[in-house]
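Reader: I would like to learn how to read the features of a structure one at a time, beginning with the general idea in each case and then turning to the example before us. Could we work through it in that way?

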Amino acid sequence: MRKVLLVIEDYNEMVGLESFLRRLSFDVLAVGKEVLVNDALLGFHPDIVIATARGRHVDGAKLAIRLKRLQPMPRIALTCSGTKAILAPETEKAVDALIEIPIYPLSAIPILASLAGIDPLPLLEKFKKLGTARVKGMFDVYNVFND
């Protein structure tokens with residue numbers, strides 16, 4: 001499956017997202033500070049990078065611009081709370097997607113599938129098998145498939 005690097009400042013958010021992605025069979029490496037990204041990139045070449053848009057230890061806008069220089073170029077998504085994050089034009093070109101926090105699985109799966117370049121239906125089916133189980137962290141899984 002695809003490799004995902006999480007650069008998320010909030011620990012609960014990071015653990016919840018990491019757990020969710022692992023349940024969907026993504027290979028995940030999570031770091032809590034931007035300064036740890038270079039070391040993470042040495043041994044883990046991610047296909048997707050999900051980062052906090054703006055925080056004390058993580059500036060996703062600067063990170064996105066820096067990561068777009070890598071070969072092969074990873075797909076980059078930034079997490080933002082509330083309304084859409086206001087990004088500079090240079091940053092908008094570097095960012096592939098914005099993910100609103102709190103992350104709800106049914107809205108996040110199509111975004112993750114498009115970033116990974118895979119069909120979202122198998123991921124939705126895998127999520128359906130999780131049923132009404134509680135996923136650690138910020139995710140509330142609702143049983144929307146039972147009518």
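Reader: Of the contacts in the chain with a separation of 6 or more, what percentage is accounted for by residues 24 or more positions apart?

Author: Please keep in mind throughout that this is a predicted model. Among the contacts with a separation of 6 or more, 60% are between residues 24 or more positions apart.

Reader: How many helices and strands does the chain have, and in which pattern do they follow one another?

Author: The chain has 6 helices and 5 strands, and along the sequence they follow the pattern β-α-β-α-β-α-β-α-β-α-α.

Reader: What percentage of the residues is buried, and what part of the accessible surface belongs to carbon and sulfur atoms?

Author: Of the 147 residues in the chain, 44% are buried. The accessible surface comes to about 8100 Å², and carbon and sulfur atoms contribute 53% of that area.

Reader: How should I read an aromatic pair, and how many does the structure hold?

Author: A pair of aromatic rings is described by two quantities, the distance of the centres and the angle of the planes. The structure holds 1 aromatic pair. Its members are Phe20 and Phe127, whose ring centres are 6.3 Å apart and whose planes stand at 75 degrees, so the pair is edge-to-face, the cut-off for that class being over 60 degrees.

Reader: Which parts of the chain does the pair tie together, and are Phe20 and Phe127 buried or exposed?

Author: Because Phe20 belongs to helix H1 (residues 11-23) and Phe127 to helix H6 (residues 120-130), the pair ties together parts that are 107 residues apart in sequence. Phe20 is buried, at a relative accessible area of 0%, and Phe127 is buried as well, at 2%.

Reader: Where does the charged end of Lys3 sit?

Author: The charged end of Lys3 sits over the ring of Phe44, at 5.3 Å from the centre of that ring.

Reader: How do I read the packing of two helices, and at what angle do H5 and H6 pack?

Author: Two packed helices are described by the angle between their axes and by the distance between the axes. Helix H5 (residues 105-116) packs with H6 at an angle of about 145 degrees, the axes being 9 Å apart, and the crossing is right-handed. On the side of H5 the contact is made by Pro105, Leu106, Ile109, Pro110 and Ala113, while on the side of H6 it is made by Pro120, Leu123, Leu124 and Phe127.

Reader: What can be said of Ala113 in particular, and with which residues is Ala113 in contact?

Author: Ala113 lies in helix H5 and is buried, with a relative accessibility of 1%. Leaving aside neighbours within four places in sequence, Ala113 is in contact with Ile118, Asp119, Pro120 and Leu123. The C-alpha atoms of Ala113 and Leu123 are 7.8 Å apart, although the two residues are separated by 10 residues along the chain.

Reader: Where is Asp59, and is Asp59 buried or exposed?

Author: Asp59 is in the loop between strand S3 (48-52) and helix H3 (60-67), and with a relative accessible area of 14% Asp59 is buried. With neighbours within four places in sequence set aside, the contacts of Asp59 are Glu34, Thr52, Ala53 and Arg54. From C-alpha to C-alpha, Asp59 and Glu9 are 9.4 Å apart in space, while in sequence they are 50 residues apart.

Reader: Turning to the backbone, which residues are joined by a cis peptide bond?

Author: Gln71 and Pro72 are joined by a cis peptide bond with omega of about -5 degrees, and Pro72 is in the loop between H3 and strand S4 (75-81). The bond from Ile101 to Pro102 is also cis, with omega near 5 degrees, and Pro102 is in the loop between strand S5 (97-101) and H5.

Reader: What is phi of Ser25, and where is Ser25 found?

Author: Phi of Ser25 is near 75 degrees, a positive value in a residue other than glycine. Ser25 is in the loop between H1 and strand S2 (27-31), and at 30% relative accessibility Ser25 is partly exposed.

Terms used. Residues numbered from 1 in each chain as written. Predicted model: local features only at pLDDT ≥ 70, side-chain atom pairs only at ≥ 80, totals over all residues. Heavy atoms only, no water. Helix = DSSP H or I, 4+ residues; strand = E, 2+ residues; numbered from the N terminus. Buried < 20%, exposed > 50% of the residue type's maximum accessible area, 1.4 Å probe, protein only. Contact = heavy atoms within 4.5 Å. Areas by Shrake-Rupley, 256 points an atom, 1.4 Å probe, with all protein chains shown as cover. Phe/Tyr/Trp six-rings, centres within 6.5 Å; stacked < 30°, edge-to-face > 60°. Lys NZ or Arg CZ within 6 Å of the ring centre and 35° of its normal. Axes fitted to C-alpha atoms, helices over the stretch in contact; angles between N-to-C directions. Left-handed = near helix turned anticlockwise from the far one by under 90°.
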